[in-house]
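This report goes through the helices, surface and ring contacts of one protein model. The sequence and coordinates come first.

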Amino acid sequence: MANNIFEQFDEAYSRWSILDKVGKEMQLAGMWQQLCATYNYIIMVWQRRGYLTVDEYNYKNQIYQLLIALQNQKMKIDQELSNEMMKHLLKMIVKQ
């Protein structure tokens, strides 16, 4: 009976861990959309006006750097999620 409780705990923890990573990916996706919209707006201003002020230019560069950081973070979480799902799958296969 005790083994069954530990298996249930392990199963619940594995599912929680996967859901946690999916939640993080959803947050990153929301941030990505907001930053892309702002970046695109600045590009539109630049195209319409023909130039950016120093502050606008710096802001554009900061947003671009944030987009790169978000992309890197997403790749890291994708890898963690993939690893977690593989572990979960292997556990399910071993049980059978």
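The sections below cover a helix span, a surface patch and the aromatic contacts.

## Basis

The model is predicted. Features described locally rest on residues with pLDDT of at least 70, and side-chain atom pairs count only at pLDDT 80 or more.

Helix α2 covers residues 54–95, which is 42 residues. At 1.5 Å a residue the helix should span 62 Å, and the C-alpha atoms at its ends are 61 Å apart, so the two values agree.

The buried residues of α2 are K60, I63, L67, L70, I77, L81, E84 and H88.

## A nonpolar patch

M86, L89, L90 and I93 make a nonpolar surface patch of about 380 Å². One of these residues, M86, belongs to helix α2. M86 has a relative accessibility of 46%, and because this lies between the 20% and 50% limits, M86 counts as partly exposed.

How many aromatic pairs does the ring-centre rule give? The count is 3. In the pair of F9 and Y13, the ring centres are 6.5 Å apart and the planes meet at 25°; the pair is stacked because planes under 30 degrees apart count as such. Both residues lie in helix α1 (residues 2–49), 4 residues apart, or about one turn of the helix. F9 is exposed, with a relative accessible area of 57%, whereas Y13 is partly exposed at 44%.

Y13 also pairs with W16: their ring centres are 5.8 Å apart and their planes are at 35°, so this pair is tilted. Y13 and W16 are 3 residues apart in helix α1, again about one turn. W16 is exposed, at 52% relative accessible area.

Ring pairs join F9, Y13 and W16 into a cluster. An α-helix has 3.6 residues a turn, so residues three or four places apart point the same way. The spacing of 4 residues from F9 to Y13 and of 3 residues from Y13 to W16 can be read against that rule.

## A charge over a ring

Where does R49 lie relative to Y51? R49 sits over the face of the Y51 ring, at 5.0 Å from the ring centre.

How values were computed: Residues numbered from 1 in each chain as written. Heavy atoms only, no water. Helix = DSSP H or I, 4+ residues; strand = E, 2+ residues; numbered from the N terminus. Expected span 1.5 Å × (residues − 1). Buried < 20%, exposed > 50% of the residue type's maximum accessible area, 1.4 Å probe, protein only. Patch = residues over 30% accessible without salt bridge, like charges linked within 9 Å, V, L, I, M, F, W, Y side chains within 5 Å. Areas by Shrake-Rupley, 256 points an atom, 1.4 Å probe, with all protein chains shown as cover. Salt bridge = Lys/Arg side-chain N within 4 Å of Asp/Glu carboxyl O. Phe/Tyr/Trp six-rings, centres within 6.5 Å; stacked < 30°, edge-to-face > 60°. Lys NZ or Arg CZ within 6 Å of the ring centre and 35° of its normal.
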